[in-house]
Amino acid sequence: MTDLDGIDEKILQELSRDGRISNLALADRVGLSPSACLRRVAALEKAGVIKGYRAVLSPEKTGVGFTAYVMVGLNAHTKQAQEAFERAMSHAPEVRECHNITGNVEYLLRIEAADLAAYKHFHTEVLGTLPQVNAITSYVVMGSPKDERA
């Protein structure tokens, strides 16, 4: 289902703002009957356009006081090195996102930790011990004036 029409796009926009919106309210906002809206949402879910729904958590209330984006370069450009690194990142709870990217390094990570000391532990004891890692560059988030991740 790659042929999204204007109504589908409105539905996706509304659901991305509020995944808990009632079907009745969603139907009203996009100009459909509730039954037609429900069918559209179900079709978008079945087609994999809507992959799931998430709660947006408060970093402060969940103990996350430190966020950093980390660029990671590998010492070998092999499938085995990438798979080993990705496996390690999938087991690290501090890693909230792991992206294989193009450019001077292979990976971009978004790290969330309680504080600088917790991040230093992750940097030293997790990333720093992986044999595939050649370079680590950290960018500490000082503020997020726009963040639309759900």
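View 1. A salt bridge is a side-chain nitrogen of Lys or Arg within 4 Å of a carboxyl oxygen of Asp or Glu. By this rule the model holds eleven salt bridges.

**View 2. The salt bridge between aspartate 147 and arginine 149**. The closest N and O atoms are 2.4 Å apart. Aspartate 147 is partly exposed at 40% relative accessibility, and arginine 149 is partly exposed at 35%; the class lies between buried (under 20%) and exposed. Shared partners link Arg96, Glu97, Arg110, Glu112, Asp147 and Arg149 into one network of salt bridges.

**View 3. The salt bridge between arginine 29 and glutamate 14**. The N to O distance is 3.0 Å. Arginine 29 belongs to helix 2 (residues 23-30) and glutamate 14 to helix 1 (residues 6-17), so the pair ties together parts 15 residues apart in sequence. Helices are DSSP runs of H or I with at least four residues, and strands are runs of E with at least two, numbered from the N terminus. Glutamate 14 is buried, at 11% relative accessibility.

**View 4. Glutamate 94, buried without a salt bridge**. Glutamate 94 sits in the loop between helix 4 (79-90) and strand 2 (95-100). Beyond neighbours within four places in sequence, glutamate 94 is in contact (heavy atoms within 4.5 Å) with Arg110, Ile111, Glu112 and Phe122.

Residues are numbered from 1 along each chain as its sequence is written, and side-chain values use heavy atoms, without hydrogens and water. Local features of this predicted model need pLDDT of at least 70 and side-chain atom pairs count only at pLDDT 80 or more, while totals for chains, interfaces and linings use all residues.

Note on methods: Buried < 20%, exposed > 50% of the residue type's maximum accessible area, 1.4 Å probe, protein only. Lys, Arg positive; Asp, Glu negative; His and termini not counted.
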